[in-house]
Amino acid sequence: MKSQSLGNQIIKLNSVDSTNNYTAKLVKETKISFGTVIMADFQTYGKGQRSSVWKSEKGLNLLISIYFDSSFLNSENIFFLSKAVALAIRECIEKIIGIKVYIKWPNDILINGSKIAGVLIENQWKNEKLSSSIIGIGLNVNQVIFSGEEKVISLKNLTSKLYNLNSILKSLCSSLDSQFTRLRNFEFLEIDRQYHSFLFVYNQWYNYEKNKINFKGKLIKVDSFGKMVLELENGDKESFDIKEISILK
Ligand code: BTN
């Protein structure tokens, strides 16, 4: 299938279970080309990380999935896609509001300790090789009231301004395009350098939880598989997968 520039084709939906699921269905039916963006006003079952539900009020936030040709990546460098996506969202938001934006491992986007955007990447494999990825992004734009325990924030919460979702999508596609060019040129060192420079609590002692036990650790790196490497209080270094550890608040 021919590769396309990001966002040249946008499919807009009123309501859908999940834009990621909808994209996966189109992929199965081979009815979609790379670079297509699926955008919805509302999701009845928006999917988040760690099997959570991504809730968003109708028409107020950016809910998109991008069908991406990731076949040039392999299992050793696949997490660079995640790093590049987080960097692009971070950069896009910072350009819009001019406030420092951080990345919380693995790819949450944070402002002043509150989450403004989340990413869910689902990969497709063919004969044990990566063939494509569905990049799901939820960015809180015009919603002002959020329920739930997590600290969440939107662009409107920060600036009291109302934003046009199509303009935000355009800026986001442009930031993503630049990061994807880096990725296709295998500029992994530069992506890594940038990712770590914006990483929340990087090189700082902080509180973590694993199997209901709290402990202190210093985040010294996120490796190419996406594992977080912590220095522990006894001086040991240990790496943790997303499913086994949480960063405490
Ligand atoms: C997270 O938990 O941080 C990831 C959230 C990802 C949400 C987005 S909204 C658009 C896309 N479709 C989904 O079902 N999920 C992603």
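Select Ser174 first: it sits in helix α4. Helices here are DSSP runs of H or I with at least four residues, and strands are runs of E with at least two, numbered from the N terminus. Ser174 is partly exposed, because its relative accessibility is 44% (buried is under 20%, exposed over 50%, partly exposed in between, with a 1.4 Å probe and protein chains only).

This is a predicted model, where local features need pLDDT of at least 70, side-chain atom pairs need 80 or more, and totals for chains, interfaces and linings use all residues. Residues are numbered from 1 along each chain as its sequence is written, and side-chain values use heavy atoms, without hydrogens or water.

Next, show α2 (residues 79-97) beside α4 (residues 165-184). They pack at about 140°, with axes 8 Å apart. So α2 is oblique to α4 (under 35 degrees is roughly parallel, over 145 roughly antiparallel, 65 to 115 roughly perpendicular, the rest oblique). Axes are lines fitted to C-alpha atoms, for helices over the stretch in contact; angles run from 0 to 180 degrees between N-to-C directions.

Now colour the contact, meaning heavy atoms within 4.5 Å. Residues of α2 including Phe80, Leu81 and Ile96 meet residues of α4, among them Ile168, Phe180 and Leu183.

Move to Trp105 and Pro106. A cis peptide bond joins them, with omega about 5°. Pro106 is in the loop between β4 (102-104) and β5 (108-111).

Then pick Ser160, in the loop between α3 (155-159) and α4. Its phi is near 65°, a positive value in a residue other than glycine. Is Ser160 buried or exposed? Ser160 is exposed, at 62% relative accessible area.
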